[in-house]
Every structure is written in structure tokens, then in C-alpha cells.
Amino acid sequence: MSKLKRATWWKMFYHQRAVIESVSDNDAGMGLKAAFRYFDGESIQAEDLTQAAFTVFCVMRPYIDESRLDYENSVKNGRKGSATRWGDDSAL
């Protein structure tokens, strides 16, 4: 079984705590679960969550998108570095 090649983390910041603390535990859990589904590539629809759960999800979504982009850029830069070092233009 091959290792999944993708971002494996996203950032959470302390300032996000206020939003998460302001909703019920149930809504916080639903929002977090939605964030993990989104991270795995699933589509999240606002109408599938309560307003509070969708708010929790939206607090995390930009950082999930950022981690995906950072991973993609890291892979591209690694390929460019390899091609430069080893002269393999097919890696680009």
C-alpha cells in the first residue's frame, strides 16, 4: 500500500478559540468533523450544517486551503530542486 501524498496538517490559532467556545459542544464537533471531511476532499454545503457548525468550519477552512497550497508548492519546489541538481527536466 503506497503512502498517501498530500498535506497532513492544517494550522489552528488561539484567536479561533473564541468562535469555537461561543457555540455548543455539538456544533463545535460538527464543525470540526466537517473540517476533516473538507480536508479529505469532500464538499461541504452550508445547508448540511447548523449555522453555528458552519461558522466553526469556516474559521478553519482558510487554513486548510493554505496547508494544501503550501504542500503543493513544496512538492513543486522539490521537483525543481531535484531537476536542477540532477539535470532531470522530466521532473518538472
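View 1. Arg-17 is partly exposed, and its relative accessible area comes to 42%. This close-up, like the others here, is taken from a predicted model. Arg-17 pairs with Glu-21 in a salt bridge whose closest N and O atoms lie 3.3 Å apart. The two residues sit four places apart in helix H1, so about one helical turn separates Glu-21 from Arg-17. Glu-21 has a relative accessibility of 53% and therefore counts as exposed, the threshold for that class being over 50%. As a reminder while you look at the pair, side chains of opposite charge can pair when their charged atoms come close.

View 2. Asp-40 is exposed, at a relative accessible area of 54%. Arg-6, by contrast, is partly exposed, at 23%. If you are keeping a tally as you browse, the structure holds four salt bridges.

**View 3. Glu-42 paired with Arg-37.** This view shows another salt bridge, in which Glu-42 and Arg-37 bring their closest N and O atoms to 4.0 Å from each other.

**View 4. Helices H2 and H3 side by side.** Helix H2 (residues 25–39) and helix H3 (residues 51–86) have axes that come within 8 Å and cross at roughly 30°. That angle makes H2 roughly parallel to H3, because angles under 35 degrees count as roughly parallel. The crossing of the two helices, H2 and H3, is right-handed. On the H2 side, the residues that meet H3 are Asp-27, Ala-28, Met-30, Gly-31, Leu-32, Ala-34, Ala-35, Tyr-38 and Phe-39. Their counterparts in H3 are Ala-52, Ala-53, Val-56, Phe-57, Met-60, Arg-61, Ile-64, Asp-65, Ser-67 and Arg-68. Sorted by class, this contact of H2 with H3 has 13 nonpolar, two polar and four charged residues.

**View 5. Gly-29 of H2 and Phe-57.** Gly-29 lies in helix H2. How far apart are the C-alpha atoms of Gly-29 and Phe-57? They are separated by 9.7 Å, although the two residues are 28 places apart along the chain. Gly-29 is partly exposed, its relative accessible area being 28%. Phe-57 is among the H3 residues that meet H2.

**View 6. Lys-11 and its contacts.** Lys-11 is found in the segment before H1. Which residues does Lys-11 contact, leaving aside its neighbours within four places in sequence? The answer is Gln-16, Tyr-63 and Glu-66. Lys-11 counts as partly exposed, with a relative accessibility of 29%. Between Lys-11 and Arg-61 there are 10.0 Å in space, C-alpha to C-alpha, and the two are 50 residues apart in sequence. Arg-61 is one of the H3 residues that meet H2.

**View 7. Asp-48 in the loop between H2 and H3.** Asp-48 lies in the loop that runs between H2 and H3. Buried or exposed? With a relative accessibility of 57%, Asp-48 counts as exposed. The C-alpha atom of Asp-48 is separated from that of Ala-34 by 9.6 Å, and the two residues are 14 places apart along the chain. Ala-34 is one of the H2 residues that meet H3.

**View 8. Ser-24 in the loop between H1 and H2.** Ser-24 is located in the loop between H1 and H2. Its relative accessibility is 37%, so Ser-24 counts as partly exposed. Ser-24 and Cys-58 are 34 residues apart in sequence, and their C-alpha atoms lie 16 Å apart in space.

Methods:
Residues numbered from 1 in each chain as written. Predicted model: local features only at pLDDT ≥ 70, side-chain atom pairs only at ≥ 80, totals over all residues. Heavy atoms only, no water. Axes fitted to C-alpha atoms, helices over the stretch in contact; angles between N-to-C directions. Parallel < 35°, antiparallel > 145°, perpendicular 65-115°, else oblique. Left-handed = near helix turned anticlockwise from the far one by under 90°. Contact = heavy atoms within 4.5 Å. Nonpolar A, V, L, I, M, F, W, Y, C, P; charged D, E, K, R; others polar. Salt bridge = Lys/Arg side-chain N within 4 Å of Asp/Glu carboxyl O. Buried < 20%, exposed > 50% of the residue type's maximum accessible area, 1.4 Å probe, protein only.
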